[in-house]
Amino acid sequence: MLATAALAGMIMSGIVTKATVEHTAARTALFMDSFLSPHAGSLAENDTLALEAAASLDRLLGSEDFKKRFPHLEIWKPDGFVAYSTSSELIGQKFAPPAGLKAALQGTISAQYTDLEAQEHVARHINKKFLEIYVPVREDHSGRIIAVAEIHELPGPLEEKLIQIRLQTWFATAGLTLLVMMSLYGIVYRGSRTIAEQQERLRENLEEVREFSEQNRILRERSQRASSRVAELNAKYLRNVGAELHDGPAQLVGLANLKVEHIRRARTDAKRNEELDFMDAVLTETLRDIRTISKGLMLPEIEEIPLCEVIDLVARTHEKRTGTQVELDCTLRGEPFAHSVKICVYRFVQEGLNNAFKHAGGIGQSVSCRLERSLLTVSVRDGGGGRTPTMAEFGLGLTGMRDRVESLGGTVNIRQNKAGGTVVEMCLEIDRGSVK
């Protein structure tokens, strides 16, 4: 841009300088033609001016004011003959026609600085440059060019004017260049700032992606561990159920089976009735054990009821079974939840109340449930004294509930209640797309 500005300044300065010089020459030519034409008419037929015309020009051009601006004037014939000059020693001499003379003979006003090597200037010992203006001198009636007037103008005023014009040109060029540079700088600076802001946002987004990726990795590992533990606990639970069936109902059914043979061998009706009564009692006890075990395995129909009613069902069942009271605080307003969430909350509250009854004697039992944005929090409290049991001390049930909650992406915490007792709390992020 600086190189272009410099080149543009040079070109514009040259154009303006040339235009100013041509304007000055045209103005001077118009001024000189106003008083030269009436006196130069004799040159159409003669090589020199008439004596009266020459005397009139001498008087006009000899004034001090005129000489200060135009110190020399010559009238040339087309062949280089000097027909008139303010320097009388040149009149009647013939020199090589200057370049301006040739241009003026073509009807063009021209201006150039003095060639100090020209013969007419050497003869007068001129060593200072002037602005030479060549003006065609025309015949009055025909307009034919009969001579050329060469006017020497002092270049001082013109040079001062040219200096001012050049300075103005350079200042204008520099100002425009600076304006363009500032505009481009502003555009580039704004673009750079925008890019920097976008890079910063991109870095923040990448950092968030890294954090989310790390959280997803942790949650995935936790879910995998929880799923593995759930599978292991299910296997243990099934073994326990199998053991319960084997040690309880299966033994009783085996005993009843033995009594069948006794019934066949009974010889009296009294003995047969005695064996049948014993067999009936054994089968009744077997049926009771099977129902007890089945009742522990089955869940009530909770799919179609709200979550608050599910928690209330668990609490009321616990009250009937243990003879204790459970305070319920549920702030939900009928929000729908996935069936897996309801099952998880049911088992969590059930196991939490069982442990509250086991470790705190059912004192100060309470269940609270709240939903803040998408975070579901369910807590079971008791008012028992002493230290807070660890997860291992709660046994298999609550460990299985922790794994069940973690398999859904949640967490389970156990802490000491400020008022005494223990708080078991589960937190679960609810995916709205998973609800019914």
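E327 has S366 of β7 as its bridge partner. Strands β6 and β7 pair in the parallel sense, over five bridges. This is a predicted model. Both strands belong to an open sheet of five strands with mixed pairing. The briefing covers that sheet, its helices, the cores, the cysteines and a separate hairpin.

**Five-stranded sheet**

- The strand order is β6-β7-β8-β10-β9.
- The edges are β6 and β9 (411-416), and each of them pairs on one side only.
- From one strand to the next, the twist averages 15°.
- In general, strands of a sheet pair through backbone hydrogen bonds, in either the parallel or the antiparallel sense.

**Helices across the sheet**

- Helix α9 lies across β6, β7, β8, β9 and β10.
- The angle between α9 and β8 is about 20°.

**Nonpolar cores**

- The largest nonpolar core has 31 residues.
- Within it, L307, V345, L376 and M426 touch the most other members.
- Two helices each give two or more residues to this core: α8 (307-322) and α9 (339-360).
- Strands β7 (365-372), β8 (375-381) and β10 (422-429) also give two or more each.
- The top contributor is α9, with eight residues.
- Leaving aside residues up to four places away in sequence, L307 touches L332, F337, K342, V345, C369 and L376.
- A second core is separate and has 26 residues. Its members include A25, L43, V137 and L162.

**Cysteines**

- The structure holds one disulfide.
- It joins C308 to C330, with an S to S distance of 1.9 Å.
- The torsion about the S-S bond of C308 and C330 is about -75°, so this disulfide is left-handed.
- The pair links distant parts of the chain, 22 residues apart. C308 sits in helix α8, and C330 sits in strand β6 (residues 326-330).
- C330 has a relative accessible area of 23%, so C330 counts as partly exposed.
- C344 is in no disulfide. For C344, the nearest cysteine sulfur is that of C369, 12 Å away.
- C344 is buried, because its relative accessible area is 1%.
- C369 is in no disulfide either. Its nearest cysteine sulfur belongs to C330, at 4.3 Å, whereas a disulfide requires sulfur atoms within 2.5 Å.
- C369 has 2% relative accessibility and therefore counts as buried.
- C369 is also one of the residues that L307 touches.

- Strands β1 (residues 72-76) and β2 (residues 82-85) run antiparallel.
- Three bridges join the two strands.
- W76 has V82 in β2 as its bridge partner.
- Five residues lie between the strands of this hairpin.
- In the hairpin, G80 takes a positive phi near 95°.

Definitions and conventions:
Residues numbered from 1 in each chain as written. Predicted model: local features only at pLDDT ≥ 70, side-chain atom pairs only at ≥ 80, totals over all residues. Heavy atoms only, no water. Core = buried A, V, L, I, M, F, W, Y, C linked by side-chain atoms within 4.5 Å. Buried < 20%, exposed > 50% of the residue type's maximum accessible area, 1.4 Å probe, protein only. Helix = DSSP H or I, 4+ residues; strand = E, 2+ residues; numbered from the N terminus. Contact = heavy atoms within 4.5 Å. Pairing = 2+ DSSP bridges. Axes fitted to C-alpha atoms, helices over the stretch in contact; angles between N-to-C directions.
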